Amino acid sequence: MTLPLHFSDEVANARAHGQPIVALESTIITHGMPWPQNVDTAREVEMLIRDNGAIPATIAVLDGRLHIGLSDAELETLGQAQDVAKLSRADLAACIATGGTGATTVAATMIAAHLAGIEVFATGGIGGVHRGAEDSFDISADLQELAKTPVTVVAAGAKAILDIPKTLEVLETLGVPVIAFGQAEFPAFWSRSSGLPAPLSMEDPAQIAQAMKTRTAMGLAGGHLVANPIPAADEIPTEVITPVIEDALAAARDKGIAAKSVTPFLLDRIFHATEGASLVANVALVKNNARLAARIARALVS
């Protein structure tokens with residue numbers, strides 16, 4: 001069976017000429033931001049990657065075809081689409097097989113990027129261990145994917161709505177290298193610090209690229225998580241965002257929100273509670289991650 005991969009003209013040209021490529025997820029477009037800000041932000045993030053010497057490849061499933069890179073028209077259509085499936089490892093193949101349309105999470109984007117030969121992926125924050133997971137067993141597939149699939153994920157840490165200490169413990173158990181960029185502490189998405197030390201710290205994208213090459217040469221499975229703190233000027237301090245997160249979590253429990261519905265509910269609740277400040281910070285950290293991912297991708301091919 002031939003995989004239904006569809007490369008955009010820009011990505012196909014980059015592959016043919018050995019140019020650095022950075023994968024981008026699509027759930028941030030369909031589930032993370034309202035239209036038209038979602039499409040505007042996606043275009044800005046793609047342009048930042050180009051400005052930093054790499055080619056962007058936004059990934060999504062459109063009518064049963066796994067797209068590696070979207071045209072401007074496809075991006076616009078996806079940004080306005082309704083009832084788009086949120087795809088992870090469990091349902092990516094089923095969506096393709098049934099001719100569906102879906103946006104890729106971190107896990108699904110890693111799978112698609114690896115199939116396309118792309119080694120670096122920029123996102124906002126990874127999923128992880130949800131609070132109360134000892135009862136709900138709600139743990140994101142992103143963590144297992146990082147242990148299996150050789151793609152380096154640049155994120156502003158784990159989403160702050162999660163149980164970050166448990167997320168780091170699971171990553172350690174799974175053998176995933178967690179590298180904080182430019183600081184010793186693990187960042188907490190909207191905030192630069194989680195109060196927890198990062199397992200590893202590096203200051204140079206070239207060092208990260210070399211670690212990737214060394215891991216491959218050693219035959220070790222899985223990728224890297226590069227935890228890139230949000231710029232200081234854009235962060236929401238921990239003491240400000242923590243009570244807002246706690247209120248949102250309580251509301252989710254009261255309403256019985258569970259499974260894939262939890263994260264979108266919490267992010268929407270936090271957006272309104274912060275009068276939009278959480279979304280402004282989210283956009284800033286995604287752009288910051290895109291810039292770093294492009295630098296790492298360039299170092300890989302140099």
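**Helix packing and a cavity**

Guide: Helix 8 crosses helix 9 in a right-handed way. Right-handed means the near helix is turned clockwise from the far one by less than a right angle, and left-handed means anticlockwise. Helices (H or I, at least four residues) are DSSP runs numbered from the N terminus. This is a predicted model: local features need pLDDT of at least 70, side-chain atom pairs need 80 or more, and totals for chains, interfaces and linings use all residues. Residues are numbered from 1 along each chain as its sequence is written, and side-chain values use heavy atoms, without hydrogens or water.

Visitor: At what angle do helix 8 and helix 9 pack?

Guide: About 30°, with the axes of helix 8 (residues 141-148) and helix 9 (residues 164-174) 9 Å apart. Axes are lines fitted to C-alpha atoms over the stretch in contact, and angles run from 0 to 180 degrees between N-to-C directions. Helix 8 and helix 9 are therefore roughly parallel, a label for angles under 35 degrees.

Visitor: Which residues make the contact?

Guide: L143, Q144, L146 and A147 of helix 8, with T167, V170, L171 and L174 of helix 9. Contact means heavy atoms within 4.5 Å. By class, that contact of helix 8 with helix 9 has six nonpolar, two polar and no charged residues. Nonpolar is Ala, Val, Leu, Ile, Met, Phe, Trp, Tyr, Cys and Pro; charged is Asp, Glu, Lys and Arg; the others, Gly among them, are polar.

Visitor: Next pair. How far apart are the axes of helix 3 and helix 13?

Guide: 8 Å, for helix 3 (residues 37-51) and helix 13 (residues 277-301), at an angle of about 25°. So helix 3 is roughly parallel to helix 13. Their crossing is right-handed.

Visitor: And which residues meet there?

Guide: Q37, T41, E44, V45, L48 and I49 in helix 3 meet L279, V283, V286, K287, A290, R291 and A294 in helix 13. The contact of helix 3 with helix 13 has eight nonpolar, two polar and three charged residues.

Visitor: Switching topic. How many cavities of 30 Å³ or more?

Guide: One. A cavity is a set of points on a 1 Å grid, over the protein atoms alone, where a 1.4 Å probe fits but cannot get out. The largest cavity holds about 140 Å³. Volume is the space filled by probe spheres set on the points.

Visitor: What lines the largest cavity?

Guide: 14 residues, with E25, I28, A42, V45 and V286 the closest to its centre. Lining residues have an atom within 4 Å of a point.

Visitor: Which helix gives the largest share?

Guide: Helix 3, with four residues of the lining. Helix 2 (27-30) supplies at least two. The lining divides into eight nonpolar, five polar and one charged.

Terms used. Parallel < 35°, antiparallel > 145°, perpendicular 65-115°, else oblique. 1 Å grid on protein atoms, 1.4 Å probe; cavity = no way out; pocket = protein on both sides within 12 Å on 5 of 7 lines; lining within 4 Å.
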